[in-house]
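A few spots to look up, jotted down as I go.

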Amino acid sequence: MNVLQYLCNTLCMSKPEIIRFCLTSPHRYKTYKIPKRNSDQKRTISHPSKELKFIQRVLNDYLREKLPIHDCAYAYKQGLNIKDNAEVHASTKYFLKMDFEDFFPSITPDFFFTMLDKAGLEINEIDSILLKNFIFCKASRKSGLFLSIGAPSSPLISNFVLFGFDENIKRFCAEKNINYTRYADDLTFSSNIKNSLFEVPEIVKFYLDKETNGKIKINKRKTVFSSKAHNRHVTGVTLTNDEKLSVGRNRKRLISAMIHHFKCGKLDPTEIDKLKGLMSFVNYIEGDFYRRMIIKYGSETIDKLNNYKQVKRDAK
């Protein structure tokens with residue numbers, strides 16, 4: 001690797017300028033908390049400054065060509081999304097979901113450099129300083145450096161450091177006729193062989209300890225076994241018993257009620273934006289339901305919803 005030379009050429013900056021900027025980069029974050037989905041807890045977001053974010057995106061372009069990412073990792077990859085991830089498991093009977101605990105913050109510079117070494121990627125001392133400071137965040141004087149939720153470089157790095165883990169888990173699952181995908185910190189396993197998934201949690205723990213030296217741990221509270229007899233969800237997508245993808249019954253009821261309120265002029269702008277996002281999601285995952293909403297509420301209403309922002313700007 002020659003990170004420094006690449007940044008000089010791409011950013012049209014001198015080597016001293018880049019090095020000076022990088023030394024303060026771990027502190028160029030705004031940290032705040034947001035509520036976690038379906039939880040009373042809050043998630044800490046560390047958002048990089050505009051200048052640092054731009055450099056992180058430039059680094060992404062450079063590192064994407066060099067860092068191996070496993071095929072079973074579906075998050076943050078061009079051309080793949082939650083629908084592709086869910087489709088892998090749609091035609092199976094038995095189901096296991098697992099979740100990493102504090103995924104991004106668990107990834108430290110030492111962990112990253114260990115994985116670079118395992119991958120046979122050599123870097124010099126200057127490049128290691130650049131990567132350490134441009135990629136990792138220091139939230140306070142007392143905290144160490146960690147991968148932040150909010151930096152554009154974090155998804156790529158998180159996928160890379162788990163390449164060895166993904167490879168071992170994929171090999172084990174292939175031998176057992178088990179499907180395996182990972183979407184960021186969400187691990188999904190499925191099979192048509194009864195009881196075949198019960199040994200998976202111990203295997204996952206074994207390879208996490210082996211490949212990450214215990215840096216990344218499983219959130220045991222989110223380990224869930226399921227089957228066709230119960231609701232099955234993969235990264236927000238419901239798997240139906242007829243092997244199709246759905247947005248789920250509760251979400252459909254919510255969307256239908258919101259469209260009714262929109263038609264009656266009872267939704268505020270924030271709720272309308274939320275409804276537009278839900279309808280876009282529905283159209284992608286379950287187009288039949290989207291078309292039923294057009295029939296039920298009329299194409300004029302749905303068109304008005306889809307064009308809401310444009311109408312709002314024209315009114316100004």
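This is a predicted model: local features need pLDDT of at least 70, side-chain atom pairs count only at pLDDT 80 or more; totals for chains, interfaces and linings use all residues.

I began with what sits over the buried side of helix H9: strand S3 (94-101), helix H5 (109-118), helix H8 (163-175), strand S7 (186-191) and strand S8 (217-218) are among the elements covering its buried residues.

Which residues of H9 are buried? I listed Val200, Val204, Tyr207, Leu208, Glu211 and Thr212. Looking down the axis of H9, I see these buried residues fall within an arc of 110°, so they line one face of the helix.

Next I checked the length of H9. The helix runs over residues 200-212, 13 residues in total, and its first and last C-alpha are 17 Å apart, close to the 18 Å expected at 1.5 Å a residue.

Then I moved on to Asn85, which I found in helix H4 (residues 82-87). Is Asn85 buried or exposed? Its relative accessibility is 1%, and under 20% counts as buried, so Asn85 is buried. Setting aside neighbours within four places in sequence, I noted contacts from Asn85 to Tyr74, Thr181, Arg182, Tyr183, Val234 and Thr235.

Last entry: helices H11 (residues 269-285) and H12 (residues 287-297). Their axes come within 5 Å and cross at roughly 125°, so the two are oblique to each other. I saw Met279, Val282, Asn283 and Ile285 of H11 meeting Gly287, Phe289, Tyr290 and Met293 of H12. By class, that contact has 6 nonpolar, 2 polar and no charged residues.

How values were computed: Residues are numbered from 1 along each chain as its sequence is written. Side-chain values use heavy atoms; hydrogens and water are left out. Axes are lines fitted to C-alpha atoms, for helices over the stretch in contact, and angles run from 0 to 180 degrees between N-to-C directions. Helices (H or I, at least four residues) and strands (E, at least two) are DSSP runs, numbered from the N terminus. Angles under 35 degrees count as roughly parallel, over 145 as roughly antiparallel, 65 to 115 as roughly perpendicular and the rest as oblique. Contact means heavy atoms within 4.5 Å. Ala, Val, Leu, Ile, Met, Phe, Trp, Tyr, Cys and Pro count as nonpolar, Asp, Glu, Lys and Arg as charged, and the others, Gly among them, as polar. The expected span of a helix is 1.5 Å times one less than its number of residues. Buried means under 20% relative accessible area, exposed over 50%, partly exposed in between (1.4 Å probe, protein chains only). The arc is that of the directions from the helix axis to the C-beta atoms.
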